[in-house]
Each structure stands twice: as structure tokens, then as C-alpha cells.
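Here is a set of questions and answers for someone meeting this structure for the first time. Please look at the sequence and the model, and then read on.

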Amino acid sequence: MESSFTLPIELRQLINPELAYHYRLIPVHKEGSRISFKTDHATPELLRAELLIVLGMDVELSPDTPENISRYLSTNYRRSSADRVSEIHYSNDFLEKILITAKETGSSDIHFEPYESKARVRFRLDGKLKEQFYITLEEYPVIVNKIKIRSQLDISEKRLPQDGRITVTTEYEDFDIRVSVLPTLHGEKIVLRILSKDTSHIELESVGFTDKELRIYLEGIKKPNGIVLISGPTGSGKTTTLYATLKKLNLPNTNILTVEDPIEYILEGINQVQLKENIGLDFAATLRTFLRQDPDIIMVGEIRDVNTANMAIRAALTGHLVLSTIHTNSAWATVSRLIDMGVPPFLIASTLNISIAQRLVRKLCSMCKGYKPISPELFPTGFTVPEKLHHHHEAVGCEACYHTGYSGRKAIYEILPVDKELMGFIKTNTLSVDDYLEEKNIQTLKQNAIDLIYDGTTSIEEVFSLLMD
């Protein structure tokens, strides 16, 4: 769609976004110590003299239209979501530049990936990976060692996976980074997960629940005991929903304990424990200790095995509210997953308060989204197009959305409160509850996805996988 305005990574990384926007520069060629740029600057000779000082290289400038320069800039350089980006002064350290750039542009993860001839750096923006830099194979080990040193990992160990943590301090904020190192064919791949310490924006009222969903969910978490489970794939926003729930429940007269891997947000007034499986501090062992700590509410980062599941149920049976996540595709599939783990159905029925499935969906850019008639070929095979869908919106791309066609994300939920009728289905291990969901007017992920297509929030392409069941 924007291929004619997309720069190769080698050219894009010659200057940072701040310089590109400030001087309205588009790099087009580099040979030796000479860089050629396009610009729409009114006085190119004055600009060239200034760039000689700023870049320390010989500069050649060629004119282009303001429209084209703007298109190049918005396609290739993502500006910070903060107003202060122009004030940031990067150090000469390339790693520091990558970390701060990723944080300021709203990236959730940074991938360092070595291949046969070069290494690349990708940022995950709005749930999608995008290439940002290339690194030579000669420079790559230096970057790897810097990351390992800062995260207190063993730089001599290159054969085994390692995990660590980095704290980055800037003039404006502190943030943590979770580090995961994995040996691959051509070297060590590193993934950095950016963890914000700022929880001011995390509120249950703003995570994406509709009014009806929020009311049902609040009823489930206000019970004094039982289990609340949130399911979904990695990156679906489960942890954010959990933290928003903890903030809502965090009262002066309540003792809340959490065991997490990793601790993604620090919440004042909550006792948080970092998982350390290498010394035997796993979910099940920590839960066992929690029960001797006089808790009111317990949060377990994830139910991964039958031991953790059984300890969570034991905690719920002894009068505690337990919050956790689990990897399943739907709210009802959570019950099947627990049964498959070996948890007796009658225990699930008597302890599960509410089961939630969630996904994060990219929202279409309101400035440029297109409007077209519905065509059955756009949907999965066998999908019955609802009568209300006559038109749909599609991604187009403009300067406001960096020519991606999307801007921001929205969580969608499938909320299944456990009542007496549903308890009966659980005890008998009923495989399908479609009729029950329809009778109770419970919106599934699929139905919510169709609603988002109908009101123009997202595209068919974005929720295609949710329409396939």
C-alpha cells in the first residue's frame, strides 16, 4: 500500500525520528562518509551547513514536495506518544537509544535477532512486529554483552537460555525491562519486554468492558471467596485486566498477596512475590505459604499445571478469593482445561465464580478508514454473514496512523458467570453450552467481533480468526 514511500532499514536507521522530523529529512543514499537526503527545507544551503555539524558527515540535499516528505516521515518514523520527545537527548550508546525509542513509541517488546549475514531489531507496536534497525554481526555480540551485563546475566554462557531484568532511569520516568536470552543457530536471540511502573492508567472502567460486562464482572470479584479466571493467548491483555482488578480490590482492610512471573507493575499496598523456579519457588509452593499469611485475596500469575490448580482451589475452598490466568480459547474452554489437568469437576463447579476470555483487537484509524459493501469472500469458509452486516470498514493508512490503517487497540471480552445451571453442566462435564449461552444472552468473542465490524471499530481482517469457529 505504501511500498513506494517505505525506506529500507539500512537507510531509515541513519537518523533518528527526532532529527528526521525536526529537519524534515529523508535519507536516500549513503556512500562512505557522505549521506544524501530529500527535504522540503526552504533554505537547503543553511540546512546543509547545520547538518555538517550535527551529523559530522558530508551531506547532499535534493528537493521534494512537502506532501511527499510528510508521507515519507509518517510511513518510516514513528514519533513518541509523549510531547517531550524533542527534548530527549540520546547518548552515544546505541542500546540506550533503542530502549528509550521503544518505550517512547509505545512498544511492548524489543526483539534482537541474529541471522547468517546480519542481525535485526524489531519492535512490537500495537501487537505487530515491525523492523526498526539492522546491526552488523561484528557489532551484535557487543550489544548482547551490554544487555547481559545490565541484566546481571552470565556473559560467558552462550549455550543455555537465561532470564534477567533491567531498570532504566530517564529524566522523566523509571521503567523495568524483562530480559529473555535464547541460543539460536546464528547466535543469541534476545527479547526485551518493557514493563511500565506507572499504574495510573490501569482502571477496570477503562480496560474495555461494556457497562453490562463490567457489572457482571464486579459481581464476580466482590464475592468473599472463589476463583476468577481470565483466559487468552499471550499478549491479549490478561495481565492488565488482573492488575486493574487488584487496584479495585486494594482496600486498607484487605490483605492481598500475589505471585507473578514477572512482576509487571508495582502496586502500593499489595504484597508481590517474584517467581523463582530455579530455587523451588514455584506457583504451587508459594500458594502453600500464602495460606499461612492470613490473606483475603490471592493472585496467581498463571495456572500452568494441576498442582497450581489444586492449590488455587484449596485456597478458594478455605475462604479466599483467588484471581489467575489460564491459556484457553474461550471462557467455557477454561472449564475443560481444568478437567483435562485432572481437577475434579465438582470442585471446579463449587469454586469457580466467573470465567473470562479476552482478546486485543486493533482499532481502525478514524481519520482514513475505508467504507465498502460486504462480500462473503472476505469471511472464513462456512461463516454465515449476519443480516445486519451490509457494509464494512477497511484499513487504508494516513499520516495520523503512520500509514498502518490502525490506531490503538481495544479489548473484547467473553464473560461467563457461574450460576446453578452452569454448575450442573460443569459437574457432568458437558462439552457444549451454546444453547445456554444463547438463552442467557451471553456475548461470545465471535459475537463481539461481529459487533466491532458492524460499528466500524475494526476490520474483518483483524478479527478473521475469531470468526472461524
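Q: Is Tyr436 buried or exposed?
A: This is a predicted model, in which local features need pLDDT of at least 70, side-chain atom pairs count only at pLDDT 80 or more, and totals for chains, interfaces and linings use all residues. Residues are numbered from 1 along each chain as its sequence is written, and side-chain values use heavy atoms, with hydrogens and water left out. Buried means under 20% relative accessible area, exposed over 50%, and partly exposed in between, computed with a 1.4 Å probe on protein chains only. Because its relative accessible area is 3%, Tyr436 is buried.

Q: In what manner do Phe425 and Tyr436 pair, stacked or edge-to-face?
A: Rings of Phe, Tyr and Trp (its six-membered ring) pair if their centres lie within 6.5 Å, and planes under 30 degrees apart count as stacked, over 60 as edge-to-face and the rest as tilted. For Phe425 and Tyr436 the distance is 5.7 Å centre to centre and the planes stand 75 degrees apart, so by that rule the pair is edge-to-face.

Q: Which helices hold Phe425 and Tyr436?
A: Helices (H or I, at least four residues) and strands (E, at least two) are DSSP runs, numbered from the N terminus. The two residues are 11 apart in sequence and sit in separate elements, so their pair ties these parts together. Phe425, with a relative accessible area of 24%, is partly exposed. The helices are α13 for Phe425 and α14 for Tyr436.

Q: How many aromatic pairs does the count come to, and which residues do ring pairs link into a cluster?
A: By the ring rule, the count comes to seven aromatic pairs. One of them joins Phe209 and Tyr413, which are stacked at 4.1 Å centre to centre with 25 degrees between the planes. Ring pairs link a cluster made of Phe209, Tyr217 and Tyr413.

Q: How many residues apart in sequence are Phe209 and Tyr413?
A: Phe209 counts as buried because its relative accessibility is 10%, and Tyr413 counts as buried because its value is 1%. Phe209 lies in the loop between β9 (187–196) and α7, whereas Tyr413 lies in strand β18, so the pair ties together parts whose separation in sequence is 204 residues.

Q: What is the strand order of the open sheet of seven strands?
A: Two strands pair if DSSP finds at least two bridges between them. The edge strands, each pairing on one side only, are β12 (271–274) and β18 (406–417), and the twist averages 15 degrees from one strand to the next. The pairing is mixed, and the order is β12-β11-β13-β14-β10-β15-β18.

Q: Which residue in β14 stands opposite Leu229?
A: Strand β10 (residues 226–231) pairs with strand β14 (residues 321–326) in the parallel sense, over six bridges. Opposite Leu229, the residue in β14 is Ser324.

Q: At about what angle does helix α7 run to β15?
A: Axes are lines fitted to C-alpha atoms, for helices over the stretch in contact, and angles run from 0 to 180 degrees between N-to-C directions. Helix α7 (residues 211–221) lies across β10, β14, β15 (352–364) and β18, and the angle to β15 is about 145 degrees.

Q: How many salt bridges does the count come to?
A: Side chains of opposite charge can pair when their charged atoms come close. A salt bridge is a side-chain nitrogen of Lys or Arg within 4 Å of a carboxyl oxygen of Asp or Glu. One of them joins Asp40 and Arg24, at 2.8 Å from N to O. By this rule, the number of salt bridges is 27.

Q: Which strands hold Arg34 and Glu60?
A: The side chains of Arg34 and Glu60 meet in a salt bridge, at 3.2 Å from N to O. This pair links distant parts of the chain, 26 residues apart, and the strands are β2 for Arg34 and β3 (residues 58–63) for Glu60.

Q: With which residues is Ser459 in contact, leaving aside its neighbours within four places in sequence?
A: Ser459 is placed in the segment after α15 (445–454) and counts as buried because its relative accessibility is 3%. Contact means heavy atoms within 4.5 Å. With those neighbours left aside, the contacts of Ser459 are Leu364, His393, Glu394, Tyr406 and Ile453.
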